[in-house]
Amino acid sequence: QLQVVESGGGLVQPGGSLRLSCAGTGFTLNKYHVAWFRQAPEKEREAVSCISPYGGATNYADSVKGRFTISGDNAKNTVYLQMTNLKPEDTGVYFCAAGGDRTITNWCLMKGGAYRSWGQGTQVTVSS
């Protein structure tokens with residue numbers, strides 16, 4: 001059973017940085033698509049970034065391009081989301097998700113319905 005656990009959220013000032021971690025348990029994370037989603041209060045969940053199996057491809061929401069970087073550490077079975085130049089509008093609960101079609105490696109999935117395993121979420125608050 002695919003299970004993922006997020007960590008690394010917190011309170012940060014505008015312009016600051018955070019690194020979120022998504023650890024896989026019971027399976028090899030880099031064999032699957034992994035994505036980060038976020039949900040702000042009273043807003044719909046939105047895709048932030050994704051990475052394809054074996055790191056062949058990544059994708060980002062327009063709102064975070066140039067500020068966020070997704071990457072994987074195979075030795076730690078973990079995917080990271082490095083967030084820089086954070087803005088108040090980045091505030092929300094960030095979820096990691098794993099799954100997807102493992103035969104697709106040259107692009108990654110930015111739709112929640114493609115993922116079958118979700119973490120519990122980690123809160124990110126950007127405020128002065």
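# Charges, rings and cores

Visitor: At 33% relative accessibility, as what does Glu-46 count?

Guide: This is a predicted model, in which local features need pLDDT of at least 70 and side-chain atom pairs count only at pLDDT 80 or more, whereas totals for chains, interfaces and linings use all residues. Residues are numbered from 1 along each chain as its sequence is written, and side-chain values use heavy atoms, with hydrogens and water left out. Buried means under 20% relative accessible area and exposed means over 50%, with partly exposed in between (1.4 Å probe, protein chains only). Because Glu-46 has a relative accessibility of 33%, Glu-46 counts as partly exposed.

Visitor: Which side chain meets that of Glu-46 in a salt bridge?

Guide: A salt bridge requires a side-chain nitrogen of Lys or Arg within 4 Å of a carboxyl oxygen of Asp or Glu, and four are counted by this rule. For Glu-46 the N to O distance is 2.6 Å, and the partner is Arg-38.

Visitor: How many residues apart are Asp-90 and Arg-38?

Guide: The side chains of Asp-90 and Arg-38 form a salt bridge at 2.9 Å, N to O, and both residues are buried. In terms of DSSP runs numbered from the N terminus (helices: H or I, at least four residues; strands: E, at least two), Asp-90 lies in the loop between strand 8 and strand 9 and Arg-38 in strand 4, so that the pair links distant parts of the chain, with a separation of 52 residues.

Visitor: Why is the pair of Phe-27 and Tyr-32 edge-to-face?

Guide: Rings of Phe, Tyr and Trp (its six-membered ring) pair if their centres lie within 6.5 Å, and planes under 30 degrees apart count as stacked, over 60 as edge-to-face and the rest as tilted. The structure holds three such aromatic pairs. The rings of Phe-27 and Tyr-32 have centres 5.4 Å apart, and the pair is edge-to-face because the planes stand at 85 degrees.

Visitor: Which residue has its charged end over the ring of Phe-37?

Guide: Phe-37, buried at 2% relative accessibility, pairs with Trp-118 in a tilted arrangement, 4.9 Å centre to centre with 45 degrees between the planes. A charge sits over a ring if NZ of Lys or CZ of Arg is within 6 Å of the ring centre and within 35 degrees of the ring normal. At 5.4 Å from the centre of the Phe-37 ring, the charged end is that of Arg-45.

Visitor: How many residues has the largest nonpolar core?

Guide: A nonpolar core is a set of buried Ala, Val, Leu, Ile, Met, Phe, Trp, Tyr and Cys residues joined through side-chain atoms within 4.5 Å. In the largest, the residues with the most contacts inside the core include Trp-36, Phe-68 and Tyr-94, and the core has 27 residues.

Visitor: From which residue does the backbone oxygen lie 2.8 Å from a polar atom of the side chain of Ser-117?

Guide: Ser-117 belongs to strand 10 (residues 115–118) and is buried, with a relative accessible area of 8%. At 2.8 Å from a polar atom of the Ser-117 side chain lies the backbone oxygen of Leu-2.

Definitions and conventions
A polar contact is a pair of N or O atoms within 3.5 Å; within protein, one must be able to donate a hydrogen and the other to accept it, and residues adjacent in sequence count only if both atoms are side-chain atoms.
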